[in-house]
Amino acid sequence: MTARTIFALSTAPGRAGVAVIRISGPDAAAVLKALAGDLPAPRHAVLRTLTDTEKEPIDRSLVLWFPGPKSFTGEDLAELHVHGGRAIIQMLTDVLAAQQGLRPAEAGEFTRRAFDAGKLDLTEVEGLADLIDAETRAQARQALRQMEGALGQRITDWRDRLLRARAHMEAAIDFADEELPEGLDAEVRVQIMQLAGEIDATLQDAARGERLREGLTVAIVGAPNAGKSSLLNAVAARDAAIVAETAGTTRDIVEVHLDLGGYPVTLADTAGLRALDPADADPIEAEGIRRARAKAEQADLRLVVFDATQGIDAATADLLNDDSLIAWNKQDLPGGTPPVEVASRPVYPVSARTHAGLPELLDRLQAKVTEQLGVAGAAPAITRARHRSALQAASEALDRAGSADAAELAAEDLRYATHALGRVTGEVDVEDLLDVIFRDFCIGK
Ligand code: GDP
Ligand code: ZN
């Protein structure tokens with residue numbers, strides 16, 4: 001029989017001031033007594049000397065005891081806040097691994113137990129994963145809201161109302177022998193259409209939640225030698241904003257991850273656009289142009305770079321759209337005055353060499369990003385494709401139900417919509433989703 005009680009280091013491995021080890025399951029009390037003496041009062045931090053099986057001291061640590069079901073996992077759970085040294089952690093994990101009934105936890109297993117115990121619904125589990133992964137303030141805020149149940153509660157509320165409407169309708173069908181109901185009862189029809197309207201309103205969010213979770217991408221486009229790579233490197237050198245860099249095949253940075261005012265942004269370099277028509281270029285260059293165009297198409301925003309000494313080229317001007325920012329680069333070189341606007345869009349004079357104009361350009365970029373990802377309103381954010389497709393399916397089923405002329409058909413659509421909503425929170429039929437969702441967690445979470 002596999003051990004039911006699990007343990008893991010819940011903090012990141014390596015040297016640290018404090019490390020937290022968690023133990024969850026039926027043997028947690030016995031293990032804690034063996035390590036630290038009497039069980040502490042529930043949910044109170046106490047200072048104890050932890051000892052090994054020979055009663056040799058390992059560390060002096062804060063110990064917390066959370067008897068189930070009032071614990072994260074819903075089971076008996078102990079937390080050891082030890083000094084974060086390699087030897088201490090090694091000695092403790094050795095002692096724990098040697099105990100009967102104990103085994104190291106798998107990735108996400110604590111959270112999986114919390115889900116199985118009904119402590120968290122699936123959207124809250126996802127919120128917790130996002131909170132751990134969040135790199136910017138706005139991402140962390142959105143994740144916290146979801147972890148606290150904002151989306152899950154909304155969906156559960158919809159599902160409860162749907163279940164009531166269904167019960168009402170099915171009762172009507174049962175009495176059909178005496179009094180054949182023509183289509184839907186008017187009251188149920190109103191309830192269904194109102195629900196569909198609320199779900200649709202939540203879906204009309206320009207995918208803000210998903211985009212905040214993923215981060216916005218900005219493609220840098222322009223002619224060869226306009227200074228795209230130099231501009232990217234100049235932004236990367238302003239280390240205040242930088243989160244991470246991705247190196248390309250050459251030593252040049254190809255992507256920079258930025259935190260702009262709390263919003264995550266990936267700035268990506270592309271190949272130069274020499275020709276309007278890729279057929280005019282050699283095969284390798286044509287492929288580069290094709291990819292640069294594709295990247296610009298997929299990106300949320302475009303940073304369009306012109307070389308001040310060359311002026312406007314048609315291939316680059318062709319890519320200007322409403323979501324473009326224009327950089328007029330190489331201002332340090334002698335040349336004419338930059339235009340105020342191109343294609344009625346404002347121009348930002350910059351120098352990738354001296355960094356002149358860069359703060360203004362980044363401020364404008366931040367404003368654009370805030371415009372796209374900012375305040376989503378009162379509705380909880382949809383943060384994943386699976387939420388969106390389930391809500392879409394539910395909304396379509398409700399529309400069908402609302403206009404069905406036989407009550408039996410409407411009942412079938414309502415069942416379908418209820419099921420779609422139940423899968424989002426993990427209320428029904430989610431075995432196939434669980435492995436995917438918990439796989440993204442690390443050990444100890
Ligand atoms: P890309 O092909 O658009 O990526 O252009 P690069 O960033 O590789 O730059 C092409 C050339 O222009 C390089 O020699 C750069 O040093 C130069 N360059 C880029 N930006 C500036 C600038 O602001 N001022 C000056 N004087 N030269 C620049
Ligand atoms: Zn380049």
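Modeller: Let us begin with a side chain: that of Ser-351 reaches the backbone nitrogen of Thr-354 at 3.0 Å. This is a predicted model, in which local features need pLDDT of at least 70 and side-chain atom pairs count only at pLDDT 80 or more, while totals for chains, interfaces and linings use all residues. Residues are numbered from 1 along each chain as its sequence is written, chains are lettered from A and ligands numbered from 1 in the order in which they are written, and side-chain values use heavy atoms, with hydrogens and water left out.

Colleague: Why is the approach of Ser-351 to Thr-354 called a polar contact?

Modeller: A polar contact is a pair of N or O atoms within 3.5 Å; within protein, one must be able to donate a hydrogen and the other to accept it, and residues adjacent in sequence count only if both atoms are side-chain atoms. The value of 3.0 Å lies within 3.5 Å, so the pair of Ser-351 and Thr-354 meets the distance limit.

Colleague: Where does Ser-351 lie, and is this residue buried or exposed?

Modeller: Ser-351 lies in the loop between β14 (345-349) and α12; helices (H or I, at least four residues) and strands (E, at least two) are DSSP runs, numbered from the N terminus. Buried means under 20% relative accessible area, exposed over 50%, and partly exposed in between (1.4 Å probe, protein chains only). Ser-351 has 1% and is therefore buried.

Colleague: How do you know which strands pair with β14?

Modeller: Two strands pair if DSSP finds at least two bridges between them. β12 and β14 run parallel and are joined by three bridges, with Trp-328 facing Pro-349 of β14 as bridge partner. β13 and β14 run antiparallel with two bridges, and Glu-341 has Pro-346 of β14 as its bridge partner. Both counts reach the limit of at least two, so both are pairs. In the hairpin of β13 and β14, two residues stand between the strands, and Ala-343 takes a positive phi near 50°.

Colleague: How do you know in which sense β3 and β4 pair?

Modeller: Strand β3 (residues 46-51) and strand β4 (residues 57-66) pair in the antiparallel sense over six bridges. In one of these, Thr-49 has Arg-60 of β4 as its partner. The two strands form a hairpin with five residues between them.

Colleague: What makes a group of residues a nonpolar core?

Modeller: Such a core is a set of buried Ala, Val, Leu, Ile, Met, Phe, Trp, Tyr and Cys residues joined through side-chain atoms within 4.5 Å. The largest here has 31 residues; Val-218, Leu-231 and Leu-258 are among those that touch the most other members. α12 (358-373) and β7 (216-222) are among the elements that each supply at least two residues, and α12 gives the most, with six residues.

Colleague: Which residues come nearest to ligand 1, and what makes a residue near?

Modeller: A residue is near if one of its heavy atoms lies within 4 Å of the molecule. There are 15 residues around ligand 1, of which Asn-225, Lys-228, Ser-229, Ser-230 and Asp-332 come nearest. Helix α9 (residues 228-237) gives the largest share of this shell, three residues. A polar side-chain atom of Asp-332 lies 2.7 Å from a nitrogen atom of ligand 1, and an N or O atom in the side chain of Ser-229 is 2.9 Å from an oxygen atom of the ligand. Both values are within 3.5 Å, so both are polar contacts.
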